[in-house]
Amino acid sequence: MVTTMKMRNLKYFIGQGFSGLASNRMMSFASISIVTASIAIFGIFILFGINLNYISEQAIDGIEIQAFIDRGAEQAVIQNIGRQIEQIDGVREVIPYTAAEQLIIAQEMWADDPVILQRFENSNPFREGFRIFLADPNDASRIETQISRIDYVFNVNNDADDIQALVGFAGILRMISFWLVLILALVSIFIISNTIKLGMFSRRREINIMKYVGATNWFIRWPFIVEGIIIGCVGALIATGLILWGYGAIVSRIDGWLGMIDMVSVGDIYKNLILWLLLLGGGIGIIGSTLSIRKHLIV
Amino acid sequence: MITFENVTKIYKNNDKHSVCALDDVSFTIDKGEFVFLIGPSGAGKTTVTKLMLREENSTAGRIRVNGFDVSRLKKHRIPYLRRSVGTVFQDFRLLPNKTVYENVAFALEVVGAPIREIRRNVPNVLSMVGLTDKAKMKPHQLSGGEQQRVSLARAMVNKPPIILADEPTGDLDPATAMEIMKLLEAFNNRGTTVVVVTHAKDLVDTMQKRVLEIDGGKLVRDEQKGAYENESFGDEKDPVAGSSELVIPDLGVSDAFNELYSLDDEINALDSKLNSISKELYKFEKDTQTYQPPVD
Ligand SMILES: Nc1ncnc2c1ncn2[C@@H]1O[C@H](COP(=O)(O)OP(=O)(O)O)[C@@H](O)[C@H]1O
Ligand SMILES: [Mg+2]
């Protein structure tokens, strides 16, 4: 009995919410558009952030130090250096990186360039070396220094700095997204609360009668909250649709252009994106309508 | 049923101008009474109705309505006070985009009444006010008197013990006004307590009901079977003569009205009987289910 009553009320609130939207088309359209734009902008930043994180995580996992050895060092010396590097704390794996191996890679890379290829024909310009993989990418610079102190080590390369920069950029992006969502959410809340205010104004007769016949405050308020939620969620859905469509197009383009950037696929993110953006939209709607109700619907 | 004990109401506008709308007013209205609340414009009549409904709260004194301690009522209980008082206003306050039926049903819908009750009560109350034929019409298709009857039906549809009408006939011609009064009297005859705020001298004089007169925020007269003007001031006009010009229309609903009301009571009684029977049955079933025969 109680549940059927609640169901009926729910149906009533939702019906009233929609008819509220329909009764003030211009304002509803305007506020849905603003919410859509806000959430879409925010969603674009989120996608940027997700991809940056993804790329930098991959980069960190693959972080690698390369050490090269003086020309003319004997094979025994080279092997000894390899063993010494293996002894260093935090080194996960050491793989020889021979001059011959480097030559083959270079020849493949410049296969179309006969001028360069010709330079490789008579002599191998590369040095014997090692590729060193780490247990923890944070140890990169310490290990780099330790390797460079070993005798006969000519130089040591480390791409950790670039990756550190990438991680730093991801952090900045996160901060920008945070402030952006705050500002856009406030704008959306403001416009929704104004829409609801107009809605309450155009229904003032009904509200007045409801008060006199003894409807409870919440019964009077719910339709407006539902209206706010609808505006927020519809905006969020449109925004999510637009973003996912655009993102899908970009991912397929970039995959076509350069195989080296590996982006997060649409299939991996769409569920979470829809969920979170819907929650954001709904939340904005609830806050906007509640503000308006508290300010203007004094029962 | 309704008591005002030393009630004072001061409206504080801005810091400077505060208006004392009611000054130490006390009266009691018993269950089943029909009372006119009269007095010049600005006397404080509407303030009395607002205090009864807790649209405003009293500055001092105590108000009781239907067992609700109105002045101390918690905010979330106010709707329940209002459900026990049917209200009618001078301007009808109907929703223009709803039909007569929908306007009346609205009052039940928004308090979450069961659909069964809505389907039963709305046609009943519409027939009591003689508007069965116009149930599908919109307010703008009705005369003023008919609109006020819709508003009365809306006030009465959940069978409140009290009906409170603030100048219900202010916008109506005398004959139509009398129609409304007769309807209010019919509800009163069925046990509803009726309070009518009015300016209509003829009506008050004709109806011969209790009169409470307020002037300048003070209760200046409380008279059983009173006339609009205080007799002790020497009224040259015979109130009965004044009212004899009035055509008292027979709506032809009075008998049907009583019949419907008693049928309704019967249905309600049967309903609650059925309810208790089904409860018993349920209990019985549960008992028999849990009953374990003794094992030797
Ligand atoms: N909300 C209000 N704020 C300030 N003064 C008010 C308010 N409502 C009524 N008053 C004043 O209180 C007095 C009584 O008003 P009211 O009860 O409406 O009188 P009546 O209904 O008898 O004409 C009047 O002087 C009126 O101006
Ligand atoms: Mg008044």
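In chain B, strand β7 is joined to strand β8 (residues 193-197) by 5 bridges, and the two strands run parallel. Strands and helices are DSSP runs numbered from the N terminus, with at least two residues (E) for a strand and at least four (H or I) for a helix; strands count as paired if DSSP finds at least two bridges between them. The structure is a predicted model, in which local features need pLDDT of at least 70 and side-chain atom pairs count only at pLDDT 80 or more, whereas totals for chains, interfaces and linings use all residues. Residues are numbered from 1 along each chain as its sequence is written, with chains lettered from A and ligands numbered from 1 in the order in which they are written.

On the pairing with β8(B), I163(B) has V194(B) as its bridge partner. Strand β6 (residues 85-89) of chain B is likewise parallel to β7(B), to which 5 bridges join it; here I163(B) is the bridge partner of G86(B). Strand β7 (residues 162-166) of chain B is largely enclosed by the rest of the structure, because 5 of its 5 residues are buried. A residue is termed buried if 20 or more other C-beta atoms, placed from the backbone, lie within 10 Å of its own, exposed if 12 or fewer do, and partly exposed in between. In a regular strand, side chains alternate between the two faces of the sheet. Both faces of β7(B) are covered, with I162(B), L164(B) and D166(B) buried on one side and I163(B) and A165(B) buried on the other.

Chain B as a whole contains 9 helices and 10 strands, and 37% of its 296 residues are buried. Of the contacts in chain B with a separation of 6 or more, 69% are between residues 24 or more positions apart, a contact being a pair of residues whose C-beta atoms, placed from the backbone, lie within 7 Å. The chain is divided into domain 1 (2-84 + 160-230 + 246-251) and domain 2 (95-159), with bounds from an automatic or database domain assignment. The C-alpha centres of these two domains of chain B lie 23 Å apart. Their contact takes 12 residues from domain 1 of chain B and 12 residues from domain 2 of chain B. On the domain 1 side, helix α6 (residues 174-189) of chain B supplies the largest share, 5 residues. The residues of that side comprise 8 nonpolar, 1 polar and 3 charged; Ala, Val, Leu, Ile, Met, Phe, Trp, Tyr, Cys and Pro count as nonpolar, Asp, Glu, Lys and Arg as charged, and the others, Gly among them, as polar.

The contact between the chains takes 12 residues from chain B and 13 residues from chain A. On the side of chain B, α2 (78-83) and α3 (100-109) are the elements that give two or more residues. Of these, α2(B) gives the most, with 4 residues. The side of chain B that touches chain A divides into 7 nonpolar, 2 polar and 3 charged residues.

Chain A has 10 helices and 4 strands, arranged along the sequence as α-α-β-α-β-α-α-β-α-β-α-α-α-α. Along the principal axes, the C-alpha atoms of chain A fill a box of roughly 100 × 45 × 35 Å. Buried residues account for 30% of the 299 residues of chain A. Among contacts in chain A between residues at least 6 apart in sequence, 87% join residues at least 24 apart.

The domain assignment of chain A gives domain 1 (14-59 + 164-296) and domain 2 (64-158), whose C-alpha centres lie 52 Å apart. Strand β1 (residues 64-69) of chain A includes Q66(A). This residue, Q66(A), is partly exposed, with 17 other C-beta atoms within 10 Å. Leaving aside residues up to four places away in sequence, Q66(A) touches Y97(A), G129(A), R131(A) and N157(A). By contrast, Q66(A) and I192(A) are separated by 126 residues in sequence and by 57 Å in space, C-alpha to C-alpha.

Conventions
Contact = placed C-beta atoms within 7 Å.
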